[in-house]
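Dear colleague,

Please find below the structure that I am handing over to you. I would be grateful if you could read the notes that come after it alongside the coordinates.

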Amino acid sequence: MGHQPILELYPWEPGICFQHPDAGAVQTTVVRELRTRLGNVEDIRACSSCIVAMEARREELALEAGVEYVPGHAGEPFTAD
Ligand SMILES: [Zn+2]
């Protein structure tokens, strides 16, 4: 699967990538929500190159585990079940 169909699975909004904060506001998508001790929910955002890398890693893990790779869930923990 090419990058574009994978990226189209995610909603994009300007934001700060959790791995590239120095890049400033770029197109990002929420990969995880963190609940703080105060009860606030903070979005963890990733840019497109991070999503591509995360998806590639998931595909690799799926291959190793012999399970079907389903794109569009970059922020979810990988499980082989
Ligand atoms: Zn990034």
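The notes below cover the overall fold, the sheet, the helix packed on the sheet, and the core.

This is a predicted model, in which local features need pLDDT of at least 70 and side-chain atom pairs count only at pLDDT 80 or more, whereas totals for chains, interfaces and linings use all residues. Residues are numbered from 1 along each chain as its sequence is written.

Overall fold. The protein has two helices and three strands; here helices (H or I, at least four residues) and strands (E, at least two) are DSSP runs, numbered from the N terminus. Their pattern along the sequence is α-β-β-β-α. The C-alpha trace spans about 40 × 30 × 20 Å along its principal axes.

The sheet. The three strands form an open, antiparallel sheet in the order β1-β2-β3, where two strands count as paired if DSSP finds at least two bridges between them. At the edges are β1 (13-16) and β3 (41-47), each of which pairs on one side only. From one strand to the next the twist averages 55 degrees; axes are lines fitted to C-alpha atoms, for helices over the stretch in contact, and angles run from 0 to 180 degrees between N-to-C directions.

Strand β2 (residues 25-35) pairs with β1 in the antiparallel sense over four bridges, and Glu13 has Thr28 in β2 as its bridge partner. The antiparallel pairing of β2 with β3 runs over seven bridges, with Arg45 in β3 as the bridge partner of Val30. These two strands, β2 and β3, form a hairpin with five residues between them, and Gly39 in the turn has a positive phi of about 90 degrees.

Contact means that the C-beta atoms of two residues, placed from the backbone, lie within 7 Å. Ile51 is in contact with Leu7, Tyr10, Thr29, Ala46 and Ala74, leaving aside its neighbours within four places in sequence.

Ile51 also belongs to the largest nonpolar core, whose six residues are Tyr10, Cys17, Ala46, Cys47, Ile51 and Ala74. Such a core is a set of buried Ala, Val, Leu, Ile, Met, Phe, Trp, Tyr and Cys residues joined through C-beta atoms within 7 Å. Buried residues (20 or more other C-beta atoms within 10 Å of their own) make up 12% of the 81 residues in the protein.

With kind regards
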